[in-house]
Amino acid sequence: MCGIIGIVANQDVAAELYDGLTVLQHRGQDAAGIATADGSHLRVHKGNGLVRDVFDGKAMRLLEGRVGIAHCRYPTAGSEGNDEAQPFYVNSPYGIALSHNGNLVNTDALRREVFEQDRRNVNTESDSEVLLNVFAHELDMQKALTPESAFRAVEGVNRRARGGYAVVATVLGLGLVAFRDPHGIRPLVLGKRSGASGDEYAVASESVALDILGFERMRDIAPGEAVVVTARGELFTRQCAEPQQHAPCIFEFVYFARPDSMMDNVSVHKARMRMGVTLGEKIQRLRPDHDIDVVIPIPDTSRDSAMEIAGLLGVKYREGFVKNRYVGRTFIMPGQGERTKSVRRKLNTIPLEFRDRVVLLVDDSIVRGTTSKQIVQMARDAGARKVYLASAAPPVRYPNVYGIDMPSAEELVAHGRSEEEVEKLLGVDWLVYQDLADLEAAVAGPKKLISRFDSSCFNGEYVTGIDDGYFERIRKLRSDDAKKSRRAS
């Protein structure tokens, strides 16, 4: 999962791209980069680390241009090294820089096609560089540089690529190109800002990036749609793929997105509140005579759900954990050892809220279970009489293959285990999960704006289809042992 943003404005855009990345930092803390286009020059600066660490005054001054894109990286398999920081760049045709959020499921086949058919070389293991070369080849085949040729190139990408992807690119001599996969698995939103010098446009992974830059959210880019904004500020849009069922990734709403974002016309904040209502109703059904004294969220993503649960159950809501803001999100830490060490660095208890109480901890989800197990023990050490744990999401039993680096199935705590077995493994007195139907209804909301989700990490149903042998390949890439071996080498 990564954060992407692209802007076409009437002045240099580097500073605004930087600001946009800072509010998308939660989507990726591994690397960051900016590319700007100024006439016939394309300038790129990128590196490993947080946005604030990658860019200094000197780097920012060099990033001239009124068209630009930016990216913050979350390290999925094959995108972990120094060379995989984005944007990627090719000089033919015209000069193209591209950033990508998501994951292709036919990368190996595409890589061979790019080399054998397109006669292009891919230098890294990143599927984003493969995607860039596919787009570059398809654009080169058009023999022209117009919005129409860009749309035809995107059509070619959609015919060849399978997976979840949201893309921003800058093409010298044209402007900004942005597009979304035919199922709309990964999010992308379009914004507009009007001024004395004319209209300006931006696209981003989440609407919060548009908000802080003063762009009005126009709409989400539709599944399979492409947007071209020329360097002169002209907006063109086109549907560039055969209609498919819209199936956005539900884990965006569970965990990744900021609560102040709107995605696919759904408020993330409201969706998480509704998750709390449905989970609270389940708790009431299962234990109408519960003995819960206090509801405590595991910060930060579960707060909205936890408050609704507390209100529904008629018990106190309390903040029992203090979070160190200077430690990254443990879910996206690159290895299990680092994740384990980070939990104690990240959270500390307020014993007063636990002592002699029956505590219901609320988390957004439970993936590997190692973090949850440590937090449960912290609650006991703080004096809790009983510790219950509620997950706002169902059991995670399958890998996510569309851009969230969930581990191989064998490393998921719920894979192959009953809820009672997970409960025992985590050391809780009671474990309750959200039902998938309730989760999907909570995100869709009363207006039911979305009729289907990619809920593959919960139900194992992959909307693009998966080739034989794919899961074995990602197991070799995504397991913590595999990552440890790559880092050692």
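Contact means heavy atoms within 4.5 Å.

## Basis of the model

This is a predicted model, in which local features need pLDDT of at least 70, side-chain atom pairs count only at pLDDT 80 or more, and totals for chains, interfaces and linings use all residues. Residues are numbered from 1 along each chain as its sequence is written, and side-chain values use heavy atoms, with hydrogens and water left out.

## Leu436

Apart from neighbours within four places in sequence, Leu436 is in contact with Pro394, Ser455, Phe458 and Asn459. Leu436 lies in helix H14, residues 436-444; helices (H or I, at least four residues) and strands (E, at least two) are DSSP runs numbered from the N terminus.

The relative accessible area of Leu436 is 21%, so this residue is partly exposed. Here buried means under 20% relative accessible area, exposed over 50%, and partly exposed in between (1.4 Å probe, protein chains only).

## Ser365

Ser365 is in the loop between strand S20 (358-363) and helix H12 (370-381). Ser365 counts as buried because its relative accessibility is 7%. Not counting residues up to four places away in sequence, Ser365 touches Phe251, Val254, Ser391 and Ala393.

The side chains of Ser365 and Asp364 make a polar contact at 2.7 Å. Such a contact is a pair of N or O atoms within 3.5 Å; within protein, one must be able to donate a hydrogen and the other to accept it, and residues adjacent in sequence count only if both atoms are side-chain atoms.

## Aromatic pairs

Rings of Phe, Tyr and Trp (its six-membered ring) pair if their centres lie within 6.5 Å; planes under 30 degrees apart count as stacked, over 60 as edge-to-face and the rest as tilted. The count by this rule is 12 aromatic pairs. Tyr165 and Phe179 form an edge-to-face pair, because their ring centres are 6.3 Å apart and their planes are at 75°. This pair links distant parts of the chain, 14 residues apart: Tyr165 is in strand S7 (residues 163-171) and Phe179 in strand S8 (residues 175-180). Tyr165 is buried at 0% relative accessibility, and Phe179 is buried with a relative accessible area of 0%.

The rings of Phe321 and Phe354 are also edge-to-face, because their centres are 5.4 Å apart and their planes at 70°. Both Phe321 and Phe354 are buried. Elsewhere, ring pairs join Tyr74, Phe251, Tyr255, Phe256 and Phe458 into a cluster.
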